[in-house]
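Please examine the sequence and structure shown below.

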Amino acid sequence: MPATSDNPANPKHAWAEIARASAPKRLPGERIGDYREIYACFDEETARSQASRCIQCPEPLCASACPLTNRIPEWLGLIAQGRFLEAAAISRLTSNLPEVCSRVCPQERLCEGSCILSSKTDPVAIGALERFVNEYAFWHGGVEVVQAPPNGYRVAVIGSGPGGLACADELAKLGYGVTVFESQPLPGGLLVNGIPAFKLEKSVISRRIDLLARRGVEFRLGVTIGHDKTLADLLRDFEAVFLGVGAQKPKSADVPGDQLTGVVAALPFLIQKNVDSPLMEFPPVDVTGKRVAVLGGGDTAMDCLRTAVRAGAQSAVCLYRRDLANMPGSRKEYANALEEGAEFQFLTNPVEIVGNAAGAVAAVRCVRMELGAADASGRRKPRPVPGSEFTVPADIVLVAYGFDPVPFPPGSDLAQVTVNDWGGIIVDQQQMTSVLGVFSGGDSVRGPSLVVHAVRDARKAANSIHQYLSVKS
Ligand SMILES: Cc1cc2nc3c(=O)[nH]c(=O)nc-3n(C[C@H](O)[C@H](O)[C@H](O)COP(=O)(O)OP(=O)(O)OC[C@H]3O[C@@H](n4cnc5c(N)ncnc54)[C@H](O)[C@@H]3O)c2cc1C
Ligand code: SF4
């Protein structure tokens with residue numbers, strides 16, 4: 001009889017007898033026909049047996065590598081015993097969006113990358129198990145909608161991305177009256193207006209927002225702070241403010257030809273194809289039967305490639321100036337992109353977008369790169385190989401070179417919040433900005449980062465807001 005979580009020959013060595021399983025994944029041919037999530041959840045039996053692979057390290061490296069210090073071995077132990085609701089409750093103690101992080105975290109660089117089993121075999125499938133147990137809790141009514149007794153204080157949260165949602169959740173649990181102001185008509189920040197539905201279905205976010213609303217969080221949509229309301233208005237009506245305004249100003253290609261017809265910024269393209277009713281003024285981008293070149297090597301580039309494939313592109317090729325080892329995008333999503341037919345040209349730096357007589361994109365002129373010495377960040381610096389220029393034919397160029405914070409609206413009193421040379425909001429150890437009572441976190445402070453980092457900052461800021469108001473009272 002094979003070892004399972006019920007009959008492990010030796011529970012400490014279940015990992016040697018049970019191979020790592022991945023969450024069920026739809027076949028590429030099927031999944032490129034729609035925008036739905038490609039992974040499903042483990043069934044209960046698989047979840048128990050996969051969780052039993054954890055050897056319950058006394059000092060778990062997975063937990064230290066998780067930005068939220070999730071209590072991973074504890075909930076894995078409970079999953080192995082079939083105590084799913086208890087496991088989910090512990091998972092929720094350290095994370096406000098476990099059903100989201102489990103879907104979008106680059107686990108290979110975080111929790112799973114540090115699993116001790118990696119030195120001998122495959123790591124525990126932490127992400128898939130976190131997803132299973134939190135979905136199980138939602139399906140079985142195990143996610144409570146408890147409204148804490150009001151403590152008399154009100155906090156304004158600006159932005160409804162993962163940072164804003166996590167901060168609102170933490171504060172609502174402590175009895176604060178929380179109002180979230182969001183400039184877009186749909187709440188969720190980049191979870192909705194960015195990350196494609198095939199990685200994170202929009203219903204997962206609306207379910208979470210509905211839960212927050214039922215906990216008493218008020219959402220005011222279509223309100224831009226700095227334009228429709230001032231910071232002074234907020235500081236008059238609320239005792240503290242959290243700025244979770246993200247970083248969504250696209251970096252341009254900054255090469256000759258970057259204004260040609262057919263050169264498109266990544267985010268509007270992704271929103272147009274992935275959001276059901278995108279309320280945005282942006283001309284439709286039709287990639288059907290076209291050759292699409294994507295510039296960049298991060299998560300956004302990967303998402304553009306996979307979206308272009310789904311939208312009927314003849315080809316979708318990523319042009320990235322470093323090699324695979326130095327590419328910032330998630331390895332899991334790189335593999336998914338390859339399976340779906342995307343192509344990658346590494347060590348390829350676009351130097352010009354070439355137009356045709358009609359002023360539309362015809363090709364991307366590139367230069368081959370080689371990697372030199374590591375820079376301050378530890379990544380090897382690319383340099384051009386002399387005389388190596390070549391062209392890649394293209395009809396559409398999607399620019400995915402990353403983002404900077406959007407400057408505060410001109411003349412707005414938000415300008416009193418001190419920012420650094422690239423526009424990032426400067427915060428102290430407590431996440432407080434230069435303005436007393438105004439806190440910040442997530443991409444607006446770090447620059448483009450990860451969902452799990454926004455959640456971490458927001459939890460810290462909520463805790464600091466609580467300390468600040470406790471001392472003030
Ligand atoms: C295409 C794409 C794919 C990504 N994929 C992944 C991934 O797979 N895994 C991962 O971990 N991370 C991924 N990320 C990064 C992740 O989405 C961000 O790090 C995260 O969303 C940042 O959260 P945030 O709350 O700081 O900001 P955001 O999610 O950007 O939310 C900020 C919100 O503030 C609102 N806002 C801004 N200014 C105002 C104002 N003045 N008044 C009112 N509202 C305002 C904005 O409309 C927005 O809704 C991806 C990003 C992109 C663009
Ligand atoms: S939040 Fe991310 S890093 Fe932490 S356990 Fe979950 S998937 Fe891993």
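**Charges over aromatic rings**

Arg207 lies over the face of Phe138, at 3.8 Å from the ring centre; a charge counts as over a ring if NZ of Lys or CZ of Arg is within 6 Å of the ring centre and within 35 degrees of the ring normal. Likewise, Arg310 is placed over the face of Phe198, at 4.0 Å from the ring centre. This is a predicted model, in which local features need pLDDT of at least 70, side-chain atom pairs count only at pLDDT 80 or more, and totals for chains, interfaces and linings use all residues. Side-chain values use heavy atoms, with hydrogens and water left out, and residues are numbered from 1 along each chain as its sequence is written.

**Aromatic pairs**

- The structure holds 9 aromatic pairs (ring centres of Phe, Tyr or the six-membered ring of Trp within 6.5 Å; planes under 30 degrees apart are stacked, over 60 edge-to-face, the rest tilted).
- The pair of Phe181 and Phe238 is edge-to-face, because the ring centres are 5.9 Å apart and the planes stand at 90 degrees.
- Phe181 belongs to strand 2 (residues 177-182), while Phe238 is in the loop between helix 12 (231-237) and strand 4 (240-243), 57 residues apart; helices (H or I, at least four residues) and strands (E, at least two) are DSSP runs numbered from the N terminus.
- One aromatic cluster is formed by Phe84, Phe132 and Tyr136.

**Domains**

- An automatic or database assignment divides the protein into domain 1 (11-139), domain 2 (154-248 + 404-472) and domain 3 (252-401).
- The C-alpha centres of domain 1 and domain 2 are 28 Å apart.

Key
Chains lettered and ligands numbered in written order.
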